Structure formats: structure tokens, C-alpha cells
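Please look over the sequence and the model below before reading on.

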Amino acid sequence: MYTFLIIVFLVYGGINAYAFVRAFHGLSLSVAAGAGLAAFMAFMVFSPFLVRILESRDQALATWLGYASYFWMGFIFLFFCSSLVVDFYRLAIWSLRHIFRQMPGPLSLPAFAAFIVPFAAAVLISVYGLFEAQNIRAESVTIATPKLSGRNDRIRIVQISDIHLGLIVGPRRLEKILSIVAEARPDILISTGDLIDGDSPTLRRSIAMLKEVNPPLGKFAVTGNHEFYAGIERALAVTREAGFKVLRQECFTIPGAVRIAGVDDRGEAGGLMPDNSIDRQVLARGTPEFTVFLKHRPAVNRSTLGMFDLQLSGHTHRGQIFPFRLITRLFFPLDSGLYELPECSRLYSSRGTGTWGPPVRFFSPPEVTIIDLIKK
């Protein structure tokens, strides 16, 4: 975890340093103004760490600073990406000018324009992203299977994932999520990790809202990486208080319906992985029921193919802010939607229901997944 945080800090600090250089030259700032901007940006680099410290001491200040620092994080990432596009354009113009010795002047982009264009783009996308993050969609999936028995010719599973209840995502957002869940009228409610992301003044209210949801066949959850970041024992207590049965390397069979297996998040990389003894041990006992495997990250171990019918995962947020998806797909190629796997297994990877860090989404709207299992 510490290595991950160091890498994030270095990358985030580097992006802010790049943005500072662009602003300093593009706006022709004085030394005093440049020093003030540098101090502000340095503070914003460290502010996410300060938010975590303030959570246990001054939650009102932590909430205010959390919104500001995380919005800045999303904005500066979008500015960085937009600036790279402008840099490639300027490089292309410079190359053509040196090749042909002459280029029309209007194609050139002065330093001020090279700053203000990506700045305006980042502002517009960030504002739009605030609205997209609130636009929670219901995604429907239907799977036909001969494994449903008895009177259950249709079972509806609703999946929520990566809500990140805490300072940024609170009861107001949760109310929207639960209204979609209620409208779907699930038989089973599933949370595939990162339900909790730290403390907040409104967390107790959020727990009470979740507790009121009581589907007939139960509520099940597994841990994500953020449950461990927030403190695993507290996160487990909160999740159980909200009414979920947390599956930790174990199975639960609903007679005549489905078998649900779940494992803790263990931080492995994505894609089709080699043998993993923990997954195999959890899934080893074969049953005639349809097996739903809950695993936070969309990583599938080759040796478990055929041992589950449907794996439900999340974690990637589909990048959350484009073009970050281009990076997350390098680690998790099966990052969004339904995938048919060998040995009659399937994987559904959710885009996530909330947001982590920046309260912004771009080309990756949040979702509540409605999965209908129907009898062949």
C-alpha cells in the first residue's frame, strides 16, 4: 500500500508541476504570482492526505477540503490530458514548419492560447462530469440457465459496487441509488466491494438507509481494497450493520435458488490469472445450483473456469474519467460489461455506482446492475 501511495504522490505531483509550468509561461506570471500559485498547487497535492487526517478530528473541515481537493484532482488530470493534445498539435506545426520552411501564421498557437484552450476544456468537462456522476443508470442483463430449480423460474440479482460512502458520497446520492434498487425489486442484493470509504458525519444515516432494504433472498457483500484502507474491522462492522452477509472465503447456498461464493480483495492484477488456491478452495464443492462468485477485482483465475457460472466484480470504475480508462484497461482488460468466458463461465464487471476521489465522471456513468437469471 505504501509503495502505491508513493507512486500516486509522485505522479500527481508531476502532473501539478507540469500544469504550473504551463500556467506560469502561458499567463506570463510575475515571480510573486508564480510563488503563490506554486504554494497553492503544492498544498493541493498534499490535501488528500490531510483530508484523511482530518476525518477523525474535524469532519466538517475534512468534508469541505475533501470536495475542493478531489475536484482539483479531477480538474488537473483533465487539464493535463487536454494540454498533451495541444502539445502534440504544436509539435506537429513546428515539425511541418521545419520540413517545408514555411507555414501559415494562423496555424501557430501562442503560449497564452496553448494554456487557455486546455484550461477551458478542463473546466467544461469537469462541470459536465459533476452531472454525469449523478446520472446513475440501470443496466439490465439477462442470463438463461437450466440450473434454476423448483418454483424459481426467474431470480433477480441487483449489484451495487464501489459506492465509496464517506465524505463525498453520502445519503443524497445513496437515496438515488436505493430508489433504482427499490424499483428493480430484487430477490438478492449484492455489493462487490468498496461500499465504505472512510468516516463522515452522515455515515450513520447511510447505514440506516441501507438497512431498510430487505430483499426476500438476502443481501451479500465482499470486501474491496478501500475496506482495508478505511480499517477492515470497522468496515466489516458497518457493512454487517447495514444488513449484508459478508462472504470472506466462503459460500452460502440459498436452497432451490443459487449458491453465492465470495472472497476478500487481495490486490492482484487483472486478466486471466494462473491458479489461485484460495479461489479454488472456495469454489471446489460442486453443487447443482447456479453459482455466483463475488470478487472485487475483475480478475479471473484460469483454474476456476467452469467452477462458477457468473462472477460479479467492480473496482475499475471503467476509468471514471476518460482517458484514464486507457490505463486501467492495461491492468484489467475485462473492465466493463458482460464477458463470456471458457467453460460456460461469465464475468460481469460494473462501472461502479459511486465515485472515488474526484466527484466527477466522464464517459463512464455510474450504474446499478440488474441481472435476471431465467430458467431455460
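The coordinates belong to a predicted model, and every value given here is computed from them. In this model the secondary structure of the protein chain amounts to ten helices and 14 strands. Its radius of gyration is 23 Å, close to the 21 Å that the globule rule gives for 376 residues, and the chain is therefore as compact as a globular protein of that length. Along the principal axes, the C-alpha trace extends over about 75 × 55 × 35 Å.

Of the 376 residues in the protein chain, 52% are buried.

The aromatic side chains deserve a separate look. A pair of aromatic rings is described by the distance of the centres and the angle of the planes. With ring centres required to lie within 6.5 Å, the count comes to 15 aromatic pairs. One of them joins Phe9 and Phe49 in an edge-to-face arrangement, with 6.3 Å from centre to centre and 65° between the planes. Because Phe9 lies in helix α1 (residues 2-26) and Phe49 lies in helix α2 (residues 31-54), this pair ties together parts that are 40 residues apart in sequence. Phe9 counts as partly exposed, at 29% relative accessibility, and Phe49 is likewise partly exposed, with a relative accessible area of 34%.

Another pair is formed by Phe362 and Phe363, whose rings are stacked, with 4.2 Å from centre to centre and 15° between the planes. Here the two partners fall into separate accessibility classes: since buried means under 20% relative accessible area, Phe362 counts as buried at 14% relative accessibility, whereas Phe363, with a relative accessible area of 48%, is partly exposed.

Ring pairs also build up a cluster, in which Phe40, Trp72, Phe75, Phe79, Phe115 and Phe119 are linked.

Note on methods: Residues numbered from 1 in each chain as written. Predicted model: local features only at pLDDT ≥ 70, side-chain atom pairs only at ≥ 80, totals over all residues. Heavy atoms only, no water. Helix = DSSP H or I, 4+ residues; strand = E, 2+ residues; numbered from the N terminus. Rg over C-alpha atoms; globule rule 2.2 N^0.38 Å. Buried < 20%, exposed > 50% of the residue type's maximum accessible area, 1.4 Å probe, protein only. Phe/Tyr/Trp six-rings, centres within 6.5 Å; stacked < 30°, edge-to-face > 60°.
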